[in-house]
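Please look at the sequence and the three-dimensional structure shown below.

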Number of protein chains: 2
Amino acid sequence: MISEQRHDVFQAIADPTRREMLKILADKELSVTMISNHFPISRTAVSKHLKILAETNLVRSEKVGKEKRYQLQPEGLLEVKHWLSFYEQFWDNKISKLKHLVENESE
Amino acid sequence: MISEQRHDVFQAIADPTRREMLKILADKELSVTMISNHFPISRTAVSKHLKILAETNLVRSEKVGKEKRYQLQPEGLLEVKHWLSFYEQFWDNKISKLKHLVENESE
DNA sequence: TGTTCATGCAACCTTTTGGTTACATATTAA
DNA sequence: TTAATATGTAACCAAAAGGTTGCATGAACA
């Protein structure tokens with residue numbers, strides 16, 4: 001099965017509108033229409049953003065009657081956290097820099 | 001003074017090529033041509049990527065003779081770390097969730 | 001002084017992105 | 001059953017992104 005992953009999480013969070021969506025979903029789950037009310041763009045545009053967020057596992061949806069409720073799936077952001085952790089050695093302090101060296105001395 | 005910021009750090013790290021550039025610059029500073037040798041794209045394209053990374057303060061450059069040396073400026077990533085920290089409450093554990101509530105109870 | 005090397009910039013091209021409107025479908029309410 | 005509500009999908013569009021080639025400029029070397 002060839003699953004073509006069109007987007008990755010870094011692309012997903014690159015758009016300010018999508019970051020705002022994550023923020024409001026952090027508070028509570030919402031339907032597409034409810035989310036749309038927070039933005040000056042069409043419901044269709046919102047729907048596309050949500051599709052990208054779902055593709056990259058940053059949100060998940062659940063059908064409730066005629067509504068589709070979206071909720072934050074924050075584990076998707078762990079990939080970003082992990083990526084960032086590599087760079088932390090450069091800003092934290094000398095100790096963590098040494099720690100990094102020790103951790104990787106088997107390579 | 002109207003400084004138009006065309007890109008932000010989230011956009012900058014959205015591109016896989018630029019993320020790769022940060023990684024190789026983490027090891028040591030390099031000139032434009034040296035960086036180009038790591039990628040299957042033209043030097044001009046590399047230069048454009050570096051411009052974006054510089055705009056968003058993820059790298060800085062220094063002229064040395066006829067070369068321009070680029071080096072990682074990892075503090076630029078602190079913005080991402082800060083943004084991420086908001087979502088950590090959702091994956092860490094209940095304690096940190098409570099901690100977040102207490103920290104924000106004055107609002 | 002030429003010549004070579006490193007880089008920047010302008011012009012151009014193609015694909016992707018973020019948006020629109022119009023229409024189709026599914027569920028609930030009257 | 002009919003009407004209203006919630007969402008999805010298709011077709012389209014403009015602007016941005018990522019790439020190219022060609023030429024200009026500045027520094028170093030023979």
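Asn57(A) is placed in the loop between α4 and β2 (59-64) of chain A. Here helices (H or I, at least four residues) and strands (E, at least two) are DSSP runs, numbered from the N terminus. The phi angle of Asn57(A) is near 60°, a positive value in a residue other than glycine. Asn57(A) counts as partly exposed because it has 16 C-beta neighbours inside 10 Å. A residue is called buried if 20 or more other C-beta atoms lie within 10 Å of its own, exposed if 12 or fewer do, and partly exposed in between, with C-beta atoms placed from the backbone. In chain B, Asn57(B) is found in the loop between α4 and β2 (59-64). Asn57(B) has a positive phi of about 60° although it is not a glycine, and with 16 C-beta neighbours inside 10 Å it counts as partly exposed.

Residues are numbered from 1 along each chain as its sequence is written, while chains are lettered from A and ligands numbered from 1 in the order in which they are written. The model is predicted, and local features need pLDDT of at least 70, side-chain atom pairs count only at pLDDT 80 or more, and totals for chains, interfaces and linings use all residues.

Consider next chain A as a whole. Its secondary structure comes to six helices and three strands, and from the N terminus on the elements follow the order α-α-β-α-α-β-β-α-α. Of the 107 residues in chain A, buried residues make up 21%. Two residues are in contact if their C-beta atoms, placed from the backbone, lie within 7 Å. Among the contacts in chain A with a separation of 6 or more, residues 24 or more positions apart account for 49%.

How are two helices within the chain arranged? Two packed helices are described by the angle between their axes and the distance between the axes. In chain A, the axes of helix α2 (residues 16-27) and helix α4 (residues 43-55) come within 10 Å and cross at roughly 75°. The axes are lines fitted to C-alpha atoms, for helices over the stretch in contact, and angles run from 0 to 180 degrees between N-to-C directions. α2(A) and α4(A) are therefore roughly perpendicular to each other. On this scale, angles under 35 degrees count as roughly parallel, over 145 as roughly antiparallel, 65 to 115 as roughly perpendicular and the rest as oblique. Thr17(A), Arg18(A) and Met21(A) from α2(A) meet His49(A), Ile52(A) and Leu53(A) from α4(A). By class, this contact of α2(A) with α4(A) has three nonpolar, two polar and one charged residues. Ala, Val, Leu, Ile, Met, Phe, Trp, Tyr, Cys and Pro count as nonpolar, Asp, Glu, Lys and Arg as charged, and the others, Gly among them, as polar.

In chain B, Met21(B) lies in helix α2 (residues 16-27). Met21(B) is buried, with 24 other C-beta atoms within 10 Å. Leaving aside neighbours within four places in sequence, Met21(B) is in contact with Ile35(B), His49(B) and Leu53(B). Met21(B) and Leu50(B) are 29 residues apart in sequence and 8.3 Å apart in space, C-alpha to C-alpha.

The next topic is the relation between the chains. Two copies of a chain are related by a rotation about an axis and a shift along it. A rotation of 180° with 0.0 Å of shift along its axis superposes chain B on chain A (RMSD 0.0 Å). That is the relation of a two-fold axis. The superposition is made by least squares on the C-alpha atoms of residues with pLDDT of at least 70 in both copies. Of the residues of chain B, Ala14(B) comes closest to the rotation axis, at 3.0 Å (C-alpha).

Where the chains meet, 16 residues of chain B are in contact with 16 residues of chain A. On the side of chain B that touches chain A, α1 (9-12) and α5 (78-91) of chain B are the elements that give two or more residues. The largest share, seven residues, comes from α5(B). By class, this side has 13 nonpolar, one polar and two charged residues. The copies meet through the same surface, because 100% of the interface residues of chain B are also interface residues in chain A.

Finally, DNA strand C is surrounded by 19 residues, of which the closest are Ser42(A), Ala45(A), Gly65(A), Ser31(B) and Thr33(B). A residue is near a strand if its C-beta atom, placed from the backbone, lies within 6 Å of it. The surface near DNA strand C divides into three nonpolar, 10 polar and six charged residues.
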